[in-house]
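Thanks, everyone. Let me put the structure up, and then we go through it piece by piece.

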Amino acid sequence: MADNLADTTIIESAAPARRTGMLWRILRLWRMYAALDLAFIAADLKLACIYVFSDAITSIALVTGMLLLAERFAGIGPWSQIQIIFMLGYATTVSGLLNTFFGYNVLMISRRIGRGQLDHTLIQPQPMLVSLLTEGFVPFSGSANLLCGIGLLIWAMAGLALPITTGWIVLLLINIFASVASVLAFSFLWGSLAFWAPRAAEEISSSATQLLDQLKSFPLDGLSPVLLGGLMTVVPVGMVAWSPCRALLGIDAAPYAGWITPFVALLLSLFTILIFRKGMHNYERTGSQRYSNLGHRG
Amino acid sequence: MNALDHNATATSDIAVELVDVYKTFRQKQRSERLLDTLSSMLRPKVREVRALRGVNLQIRRGEVVAYAGPNGAGKSTTVKLLSGLLSPDSGSVRSLGMDPVRERARYVSRIGVVFGQRTELWIDHPVAASFEWKRVVWDIPRQRYEHMKGLMQEVLGLGDFFNSLTRELSLGQKMRAELGLALLHEPEILFLDEPTLGLDVLAKRMILDFIKHLNQTQQVTIMVTSHDMAELEQLAGRIVMIDQGAIAFDGSFVRLRQDVTDQRQLVLETAETVPPVLHGATLVKSEIGRHEYVFDAAQTRIATLLEQAASQTQILDVETHRAPIDEVIADIYRAWRKP
């Protein structure tokens, strides 16, 4: 301990977010978390391969039922077989992105809140948003779903009669982003309950996302307007794949159809931010009443 | 026991300042009776727990302060307030001139926090990976990082297990790595909440030596909570004792002993098995010519006791001991608990 603390560069580290731009910081953190994830995989390659392989099998199993139904009946309702494959690819890509970017229980935020693990986030010298956007980035161990989803999408796009233009690709990406935001917002919205009931609501994000996950592959055509309205807003299953795919594939020909999911995602996100902030204020007042390190960094 | 024997100093010299801080938690009460459980669903019974009641505390830069108190006294609440994890109901909390909650991101880059029962280490990765993680998240300049990493490896002896998986380390090794990680960004204040909990004697010794060394060489302000009073006495010149949310003592360990009682132990070995009768001392134990007494050194001089003993029997050996600090504190806690 030769050097004097006084000559150190505390000032330099005092406001990292100020020194570097937020986006640059996020990219830098993603790179670091990717390296951590790669090191985790590389530490036991055999185990990692089994892990990724089993993840891929689960992901394929999840969509196979719907795929077989579409095959057996030469499509479902207004959806042709190839359109069903596109929707399944879209839904799997959304799940894959969530798994890849929001691992370590960031997606299952109620676990972090309920287990008192937000304290770990709060002692990091950066906005909480940056921590939550980056901490769960696991591009190697969590990307099996994403690869399956992209594969299905490419397969479907090759067989679609639609002209694939740049504008269409941009709309596809915007909708995928909006679908990811919808699921994330839904999980955080319900997960916020853990601020007030840490023990009772610890698993609520997991239940909320499972609900969306299990229903995401079903075409919702033919449902009553009330039920459909509910599945587009209260439980936004329709936003995970059905509504954006209808728009992208031209099944819903309304000119605004491609913007329904981004619009709902925006509203849901704003509402979630409001509730989550209220939860954070409560956390600030009450702190974490319980603590468990389960699922935290490992 | 309400002594505040440290003098107020210039504001710039103050690292931590709590002024009239109150914090109350609400705890839902549950009953084992089914009827009560059902009725509490509609009208929950809530008990208010006053964790802090008008706490005033100042810590000067470079000071090591032991923060002690029985379970539930408010120690962890204070550390959480100072770590930016909790806001007070009323009163003011300032540390390094900042509000820890409102200026959280800027503030936490200048402090280090170690909770004995929590870890910042990535358990499925080597210690080295956690250090690299800290470098990026805390945005530590590469040169400073390399310097501090080397320093921590050397002083805390991390070299042997720096590349081992964290989950495979012993508790002592983990705590050393945890301390190294907490200090990597060269914090100005270090909050240590039970840093030696569950460690063996050797690991504890190493951690304590390191903390002392850190304060002496780097002038890092340290606030440490522990239930191990002997350990706190070795570390800190000043002890702040909290009981039921209020500061009950703030001063040196020497003052603490004097204020409570300067209780000492006297052990006499005599030629005869019958213990001598000493006025001003209480016989605690006597076996085969070895007699143990306790006495208050503030009331009775040891020379007087030895004169009394020598007049009654032949003294073969004499030992005197101060009462262990744990016993002194236990007496204090017992006194606080008396209605």
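First, a term: a polar contact is a pair of N or O atoms within 3.5 Å; within protein, one must be able to donate a hydrogen and the other to accept it, and residues adjacent in sequence count only if both atoms are side-chain atoms. With that rule, 12 residue pairs are in polar contact across the interface of chain B and chain A, both residues being at pLDDT 80 or more.

Some ground rules. This is a predicted model: local features need pLDDT of at least 70, side-chain atom pairs count only at pLDDT 80 or more, and totals for chains, interfaces and linings use all residues. Residues are numbered from 1 along each chain as its sequence is written, chains are lettered from A and ligands numbered from 1 in the order in which they are written, and side-chain values use heavy atoms, with hydrogens and water left out.

Back to the interface. Contact means heavy atoms within 4.5 Å. By that cut-off, 47 residues of chain B touch 46 residues of chain A. The buried area is about 4400 Å², and carbon and sulfur atoms give 58% of it. Buried area here is the accessible area (1.4 Å probe) that two parts lose on being put together, summed over both.

Now charges. A salt bridge is a side-chain nitrogen of Lys or Arg within 4 Å of a carboxyl oxygen of Asp or Glu. The rule finds 3 across this interface. One of them joins Asp139(B) to Arg28(A), at 3.1 Å, N to O.

Which elements of chain B give two or more residues to the side that touches chain A? They are β1 (14-29), α3 (104-108), α4 (127-137), α5 (142-155) and α7 (201-218). Helices (H or I, at least four residues) and strands (E, at least two) are DSSP runs, numbered from the N terminus.

Over all chains, the search finds 27 salt bridges. Among them is Glu203(A) with Arg111(A), closest N and O atoms 3.0 Å apart. Glu203(A) sits in the loop between α11 (193-196) and α12 (204-215) of chain A, and Arg111(A) in helix α6 (residues 109-114) of chain A, so the pair ties together parts 92 residues apart in sequence.

Next, the sheets of chain B. Two strands pair if DSSP finds at least two bridges between them. One open sheet has 6 strands, in the order β5-β6-β7-β3-β8-β9, with mixed pairing. β5 (111-115) and β9 (246-252) of chain B are at the edges with a single partner strand each, so one side of each has no neighbour in the sheet. The twist averages 15° from one strand to the next.

Strand β8 (residues 238-243) of chain B runs antiparallel to β9(B), joined by 6 bridges. There, Met241(B) is opposite Phe249(B). Helix α2 (residues 75-82) of chain B packs on this sheet, its direction at about 150° to that of β7(B). α7(B) packs on the sheet too, at about 155° to β7(B). Axes are lines fitted to C-alpha atoms, for helices over the stretch in contact, and angles run from 0 to 180 degrees between N-to-C directions.

The other sheet to show is open and antiparallel, with 4 strands in the order β11-β12-β10-β13 of chain B. Its edge strands are β11 and β13 (315-322) of chain B. How many residues lie between β11(B) and β12(B) in their hairpin? There are 2, and Ile288(B) in the turn has a positive phi of about 40°. In this pair, Glu287(B) has Arg290(B) as its bridge partner.
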